Amino acid sequence: MTYVKTFDLENGYNSCMPYQEIIKQLMLDNELSQQGLADILGVNQTTVSQWVLGKKKPSYDCILLIYEKFGVTPNTLFGIPE
């Protein structure tokens, strides 16, 4: 499991928050269902479900779209020190 090692004051992501929890919080903050996030990112709802369950990680293209649409950097999403 990948954990975030920093605290993002702007978005409120907790330290050691796994990427799937960040995705859940992102959906809550933006009042999005799994289908809503899937529509924005151009993926299936099943794909978002697999991210939330930790069964899959977002693809490179989806990571870039998450950054572009929501401002969550790839480093924040996967706990890479900046």
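Guide: Helices here are DSSP runs of H or I, at least four residues long, numbered from the N terminus. Keep in mind that this is a predicted model.

First, the setting. The protein has 5 helices and 0 strands. Read from the N terminus, the order is α-α-α-α-α. Of its 82 residues, 38% are buried. Among contacts with a separation of 6 or more, 39% join residues 24 or more positions apart.

The part to look at is α2, residues 34-41. Start with the loop between α1 and α2, where E31 is found. E31 is not a glycine, yet its phi is positive, about 50°. E31 counts as exposed because its relative accessible area is 75%, and the cut-off for exposed is over 50%. At the other end, α2 is followed by G42. The phi of G42 is also positive, near 75°.

Now the helix itself. Which residues of α2 are buried? They are G36, L37, A38 and L41. An α-helix has 3.6 residues a turn, so residues three or four places apart point the same way. The cover over the buried residues of α2 includes α1 (19-29), α3 (45-52) and α4 (60-70).

Take α3 as a partner. The axes of α2 and α3 are 8 Å apart, and the packing angle is about 115°. The two helices are therefore roughly perpendicular. The crossing of α2 with α3 is right-handed. On the α2 side, the contact uses Q34, Q35, L37, A38 and L41. On the α3 side, it uses Q45, V48, S49, W51 and V52. By class, this contact holds 6 nonpolar residues, 4 polar and no charged.

V48 deserves a stop. Leaving out residues up to four places away in sequence, V48 touches M27, Q34, L37, A38 and V43.

Next, α4. Here the axes lie 10 Å apart, at an angle of about 100°. That angle makes α2 roughly perpendicular to α4, since 65 to 115 degrees is the range for that label. L37, I40 and L41 in α2 meet C62, L65, I66, K69 and F70 in α4. The classes in this contact are 7 nonpolar, no polar and 1 charged. L37 and L41 take part here, and both are also in the contact with α3.

Last, a look past α3. K55 lies in the loop between α3 and α4. K55 is exposed because its relative accessibility is 65%.

Note on methods: Residues are numbered from 1 along each chain as its sequence is written. This is a predicted model: local features need pLDDT of at least 70, side-chain atom pairs count only at pLDDT 80 or more; totals for chains, interfaces and linings use all residues. Side-chain values use heavy atoms; hydrogens and water are left out. Buried means under 20% relative accessible area, exposed over 50%, partly exposed in between (1.4 Å probe, protein chains only). Contact means heavy atoms within 4.5 Å. Axes are lines fitted to C-alpha atoms, for helices over the stretch in contact, and angles run from 0 to 180 degrees between N-to-C directions. Angles under 35 degrees count as roughly parallel, over 145 as roughly antiparallel, 65 to 115 as roughly perpendicular and the rest as oblique. Ala, Val, Leu, Ile, Met, Phe, Trp, Tyr, Cys and Pro count as nonpolar, Asp, Glu, Lys and Arg as charged, and the others, Gly among them, as polar. A crossing is left-handed if the near helix is turned anticlockwise from the far one by less than a right angle, and right-handed if clockwise.
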